[in-house]
Amino acid sequence: MPSKRRAAVPTALSDSPRSFVIFEPDAEGHPCEWLKHLMHFAAADERDYRVHFVVARELYDELAADGAASRQDRVRVVPLEPSEQALCRHALLPVRGFARWWVMRRYLERTRSEAGHFLSMDHLTLPLALSLGAGGRRLCGILFRPSVHYRDLGSYEPSLKEWLRDARKALLYPLMLRNSAVHRVLTLDPYFPTYAQGRYVQGKKVRTVVDPVHPFVNEKPEERVLADTMPTDRVTLLLFGFLTERKGILSLLDALHRLPADAAGKVGVMIAGKVDPALRERVRAGLDRLAQEQPRLWVHLEDRRLSGGEINALIKEASVVLAPYQRFVGSSGVLLWAAQAGKPVLTQDLGLLGCLARTHRLGLALDTTDSETLSKGIEYISESDTRSYFDQESAANYIRHQSPQNFASEIFSSLMGTP
């Protein structure tokens, strides 16, 4: 955490004609990794500009200690004030949306920057749809969760809640794109730009940005300790990351309980990552139930945040990587980690994830909200050759151009106002 003393927010120097703000108030998930990609790109770029990274307080120490941050003529890392961060994470979407717009505008003015990038733009659709600007400065960002086009990607029968969500997006997206302050809306969904350009007056503002593949690092010996506990005589399944209900951990535990005894005896399951505190008791209860009723199953929970090296080691040892999301909207880095390691995934059949898995033969895509269906999928994996549902060459082609360099280049192109 940052110290109590407030880090100074510098103003742009007269001999530094271009200045930008990149803003991210959230800490869980990929923000830290992506911000590092952007910091390293900016530090190495030969063009003359300065970037102020305004970030969640939990991320400040790690980002400020990164080598790229030593280029203070180019890269500045600034922690949010506690009050700013609290508003930007408010439980009500409209409150946090307006708060993020206000905080971005505040830092644009403080740093005399010409443009600002929201690492996540989904929270901003309402204020931007109301034509709120930034004092003549350009705004851009990444829209993570477009879902208005999901009927085009495969079978999609939305619930009432999902229908209302999509209706809200269908109303706000075209209005947001008409906002003159919005220069570019980037998306990790390669199918959404075509949809937007065909339906919205300003749909040309929507462009694809690649989902960056995390560079594989050579793990240290101590980072292999957990991976070395995985059994070598079983089909090993790996679920990793910040483990929320949305990620399917509860559905997975129920599916494992439903496995036939013979299949359970062939399977090993590693669950590695920090468990959402709200779910911890239910997860422990599910594991206790498995220990009593599935004695032939090998399962281990490592309830903590893992280093990149530890995750690499686990993926190398796993037979299949699990991504049993529960009707999730958007993309997932899990598919990229697995494809890079040449490992199949088991994921949801809904939306973008299901479409990518089917199109690029990345693994099995099925209804992961149904524990019985998920259990049958795990049983199928336990007795089948991976070549029946996974194409390693196709997976390698899928990630070929998804580098951190390409990801950062598109974002800075947007910041600089490139048409």
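Here are some questions and answers on the domains and salt bridges of this predicted model.

Reader: What area is buried between domain 1 and domain 2?

Author: On the contact side, 23 residues of domain 1 meet 19 residues of domain 2. Carbon and sulfur atoms give 53% of the area buried there, which is about 1,600 Å².

Reader: Which helix gives the most to the side of domain 1 that touches domain 2?

Author: The interface of the two domains has five residue pairs in polar contact. With three residues, the top contributor on the domain 1 side is helix α6 (residues 160–178).

Reader: Is R105 buried or exposed, or partly exposed?

Author: R105 forms a salt bridge with E109, with the closest N and O atoms 3.4 Å apart. Both residues lie in helix α4, four residues apart, about one turn of the helix. Buried would need under 20% relative accessible area and exposed over 50%. R105 has 29%, so the class is partly exposed.

Reader: Where do R224 and E317 lie, and which residues are linked with them in a network of salt bridges?

Author: The side chains of R224 and E317 meet in a salt bridge at 2.9 Å, N to O. R224 is in the loop between β7 and β8, and E317 is in helix α11, 93 residues apart. The network that includes this pair also links E219, D228 and K316.

Key. Residues are numbered from 1 along each chain as its sequence is written. This is a predicted model: local features need pLDDT of at least 70, side-chain atom pairs count only at pLDDT 80 or more; totals for chains, interfaces and linings use all residues. Side-chain values use heavy atoms; hydrogens and water are left out. Contact means heavy atoms within 4.5 Å. Buried area is the accessible area (1.4 Å probe) that two parts lose on being put together, summed over both. A polar contact is a pair of N or O atoms within 3.5 Å; within protein, one must be able to donate a hydrogen and the other to accept it, and residues adjacent in sequence count only if both atoms are side-chain atoms. Helices (H or I, at least four residues) and strands (E, at least two) are DSSP runs, numbered from the N terminus. A salt bridge is a side-chain nitrogen of Lys or Arg within 4 Å of a carboxyl oxygen of Asp or Glu. Buried means under 20% relative accessible area, exposed over 50%, partly exposed in between (1.4 Å probe, protein chains only).
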